[in-house]
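The entries below follow the order in which I looked.

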Amino acid sequence: MNYAHTITVSLPYEVAVSRVREELANQGFGVLTEIDVHATFETKLGVESAQALGDYLILGACNPALAEQALTAEPDMGLLLPCNVVIRRSPSATITTVQAINPQTMVQLSNSPGIQNVADQADQRLLAALAALQGESSSK
C-alpha cells in the first residue's frame, strides 16, 4: 500500500497552495497546523539548504467529525492526526507536487473496526480534493 496520494499540477506554487486550502475546505477539512519547511531550513540550516529544497509546505488538515469518530474508536489514533498534505516545488520544476496522506494507513495500524469507516471517508474526501485540483490544472 502506498502511504501517499500524489498529483502534480501545472499551477504556480502560490496558486497551488491557495487552491489546496480551498479544496480541503470544500471537503470539510480545516488547516490546524502549517509548517513552512523552506523557511525552517533557511533559518536553521542556511539559505543554500532552503534554495536546494525549494518551496515546501506541510498542512495539517483535520475534518472534525472524522477526527471525533477516529478518536472515539481508538484514542491512540491521535498520533496519526491531523492528515498531512504537502505542497512542494523544487527550484528547477515547472510543476507543483501535491501529496496527501493515504488514510488507509490508519487501518494498517489499528485493530479497531471503527477505523476502517473513518479511513474510507477521509480517503474519499482527500481524493476528491486532489481530483478537483488536478481537473482545474488540466483545464488551464
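**Entry 1: terms and source.** I count two residues as in contact when heavy atoms lie within 4.5 Å. The model is predicted, so I take local features only at pLDDT of at least 70 and side-chain atom pairs only at pLDDT 80 or more, while totals for chains, interfaces and linings use all residues. Residues are numbered from 1 along each chain as its sequence is written, and side-chain values use heavy atoms, with hydrogens and water left out.

**Entry 2: serine 110 and glutamate 74.** I began with serine 110, which is located in the loop between α5 (104-109) and α6 (113-138). Helices here are DSSP runs of H or I with at least four residues, and strands are runs of E with at least two, numbered from the N terminus. Beyond its neighbours within four places in sequence, serine 110 contacts Glu74, Met77 and Ile115. I count serine 110 as buried because its relative accessibility is 10%; the term means under 20% relative accessible area, with exposed over 50% and partly exposed in between (1.4 Å probe, protein chains only).

I then turned to glutamate 74, which sits in the loop between α4 (64-73) and β4. Its relative accessible area of 17% makes glutamate 74 buried as well. With neighbours within four places in sequence set aside, glutamate 74 contacts Ser110, Asn111, Ser112 and Ile115. I also noted its separation from isoleucine 87: 13 residues in sequence, but 29 Å in space from C-alpha to C-alpha.

**Entry 3: the sheet.** In what order do the strands of the open sheet run? I read β1-β5-β4-β3-β2, five strands with antiparallel pairing. At the edges stand β1 (4-9) and β2 (30-36); each has a single partner strand, so one side of each lacks a neighbour in the sheet. On average, neighbouring strands are turned by 20 degrees against each other, direction ignored. Pairing requires at least two DSSP bridges between two strands.

I looked at the two pairings of β4. Strand β3 (residues 55-62) pairs with strand β4 (residues 83-89) in the antiparallel sense over seven bridges. Within this pairing, leucine 59 has valine 85 in β4 as its bridge partner, and alanine 61 stands opposite cysteine 83. The hairpin from β4 to β5 passes through six residues. Five of the seven residues of β4 are buried, and the strand is mostly covered.

**Entry 4: helix α1 and valine 20.** I next examined helix α1 (residues 13-26), which lies across β1, β2, β3, β4 and β5 and runs at about 5 degrees to β3. The angle is taken between N-to-C directions on a scale from 0 to 180 degrees, with axes fitted to C-alpha atoms, for helices over the stretch in contact. Valine 20 belongs to this helix. Is valine 20 buried or exposed? It is buried, with a relative accessible area of 3%. Not counting residues up to four places away in sequence, valine 20 touches Leu59, Val85, Ile87, Val98 and Leu133.

**Entry 5: glutamine 99.** I located glutamine 99 in strand β5 (residues 96-101). Glutamine 99 counts as buried because its relative accessibility is 19%. Its side chain makes a polar contact of 3.2 Å with the side chain of arginine 88. Such a contact is a pair of N or O atoms within 3.5 Å; within protein, one must be able to donate a hydrogen and the other to accept it, and residues adjacent in sequence count only if both atoms are side-chain atoms. Apart from neighbours within four places in sequence, glutamine 99 contacts Ala4, His5, Thr6, Asn84, Val85, Val86 and Arg88.

**Entry 6: cysteines.** How many disulfides does the structure hold? I found zero, a disulfide being a pair of cysteine sulfur atoms within 2.5 Å. The cysteine sulfur closest to that of cysteine 62 belongs to cysteine 83 and is 7.5 Å away, too far for a bond. Cysteine 62 is buried at 17% relative accessibility, and cysteine 83 is buried at 9%.
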